[in-house]
Amino acid sequence: MRYLFFFLLPLIMFGQNNDKQEFQYKFEYRLNYSPDSTNVVNKKTEDFSLFVVGDKSFFASNNYFAKDSILQSVKIANNMNISNIPNTRFKYIIISDNDKIEYCETLLKYKFTYSEQPELDWKLTGKKEKIGNFNCLQAIANYGGRTWEAWFTPDIPISKGPYKFGKLPGLIVKIGDSKKHYEFNLISVSKNVNYGNGLMDEKNLKLYKKISKTEYSKVIKDINDNIIGELSSSGLTVMPESIDKVKSNVKKRNNPIELK
């Protein structure tokens with residue numbers, strides 16, 4: 001998907017039920033990525049969590065989960081001190097249920113969701129590798145305009161992985177594209193986890209406007225093409241001396257995980 005860059009977020013807060021859920025597994029992944037295709041040596045890092053219960057899973061940035069929890073605490077305490085809120089460029093949560101994906105993202109004042117059944121035609125290469133404590137096998141597939149190389153382990157017979165990846169006979173331990181612009185690595189495994197976050201709550205998920213993936217791509221382009229106006233309409237002010245910098249930073253976010 002296309003990146004959207006902005007400096008600040010409007011504080012859109014609403015009533016949510018953060019009752020804890022019990023998950024069979026929590027898998028944490030570390031993403032190393034190049035946001036700018038013209039400067040791929042400039043790498044960024046962010047951690048994500050994948051919560052799994054049965055055939056269903058939730059995947060989002062740890063900073064995004066933390067942001068929601070802090071905003072809810074701020075709301076409950078009626079304290080507008082937001083200095084400790086972490087920032088993230090990845091303001092989405094991905095819900096996977098069997099083969100169906102629901103992608104939900106907050107873009108300034110907008111909340112959009114689209115459904116997808118990713119076509120992942122994995123080819124097993126026969127290569128084997130020990131990654132950490134896991135015996136892994138390699139598989140390759142094309143998705144989103146990139147060729148992806150995945151290492152999965154039958155040691156954990158769960159057909160899940162980071163982002164929208166899965167459908168392999170084992171958990172994905174490592175996956176990256178052939179140009180090494182994006183790479184997820186498994187960094188921790190927890191069992192029988194109790195966790196609650198408003199991002200997973202049905203009340204929150206109902207607030208997203210359903211559109212098609214094609215419409216979503218157009219929305220991202222339109223927002224980026226008119227970023228100053230969109231920031232203004234979302235209640236954010238960009239000082240005149242910062243306009244060129246904002247536009248320049250938008251242009252540098254030109255290497256999304258999905259190219260098409």
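## A buried pair

The side chains of Asp177 and Arg146 meet in a salt bridge, with N and O 3.4 Å apart. Here a salt bridge is a side-chain nitrogen of Lys or Arg within 4 Å of a carboxyl oxygen of Asp or Glu. Asp177 lies in strand β10 (residues 171-177) and Arg146 in strand β9 (residues 146-153), so the pair ties together parts that are 31 residues apart in sequence. Helices (H or I, at least four residues) and strands (E, at least two) are DSSP runs, numbered from the N terminus. Asp177 and Arg146 are both buried. Buried means under 20% relative accessible area, exposed means over 50%, and partly exposed is in between (1.4 Å probe, protein chains only).

## About the model

This is a predicted model, in which local features need pLDDT of at least 70 and side-chain atom pairs count only at pLDDT 80 or more, while totals for chains, interfaces and linings use all residues. Residues are numbered from 1 along each chain as its sequence is written, and side-chain values use heavy atoms, with hydrogens and water left out.

How many salt bridges does the structure hold? There are 11. One of them links Arg30 with Asp47, whose closest N and O atoms are 2.7 Å apart. Arg30 sits in strand β1 (residues 21-33) and Asp47 in strand β2 (residues 44-53), so this pair ties together parts that are 17 residues apart in sequence. Arg30 is partly exposed, with a relative accessible area of 36%, and Asp47 is also partly exposed, at 21%.

Glu258 forms a salt bridge with Lys213, and here the closest N and O atoms are 2.7 Å apart. Glu258 lies in the segment after α5 (243-252) and Lys213 in helix α3 (residues 213-225), so the pair ties together parts that are 45 residues apart in sequence. Salt bridges that share partners join Glu116, Lys164, Lys213 and Glu258 into one network. Glu258 counts as buried, with 0% relative accessibility.

## A look at helix α3

Let us turn to the helix itself. With 13 residues, α3 reaches 18 Å from its first C-alpha to its last, close to the 18 Å expected at 1.5 Å a residue. The expected span of a helix is 1.5 Å times one less than its number of residues.

Which residues of α3 are buried? They are Tyr216, Ile220, Ile223 and Asn224. Seen down the axis of α3, these buried residues fall within an arc of 95°, so they line one face of the helix. The arc is that of the directions from the helix axis to the C-beta atoms. On the other side of α3, Thr214, Lys218 and Asp225 are exposed.

## A lysine without a salt bridge

Lys91 is found in the loop between α1 (62-77) and β4 (92-97). Lys91 is buried yet has no salt bridge, and the nearest side chain of opposite charge, Glu105, is 7.3 Å away. For charge, Lys and Arg count as positive and Asp and Glu as negative, while His and the chain ends are not counted. A polar atom of the Lys91 side chain lies 2.2 Å from the backbone oxygen of Thr88.

## Cysteines and a loop

A search of the whole structure finds zero disulfides, a disulfide being a pair of cysteine sulfur atoms within 2.5 Å. Cys104 counts as buried at 4% relative accessibility, and Cys136 counts as buried at 2%.

Asp36 lies in the loop between β1 and β2 and counts as buried at 10% relative accessibility. The C-alpha atoms of Asp36 and Asn249 are separated by 9.7 Å, with the two residues 213 residues apart along the chain.

Note on methods: Polar contact = N/O pair within 3.5 Å; in protein donor to acceptor, adjacent residues only side chain to side chain.
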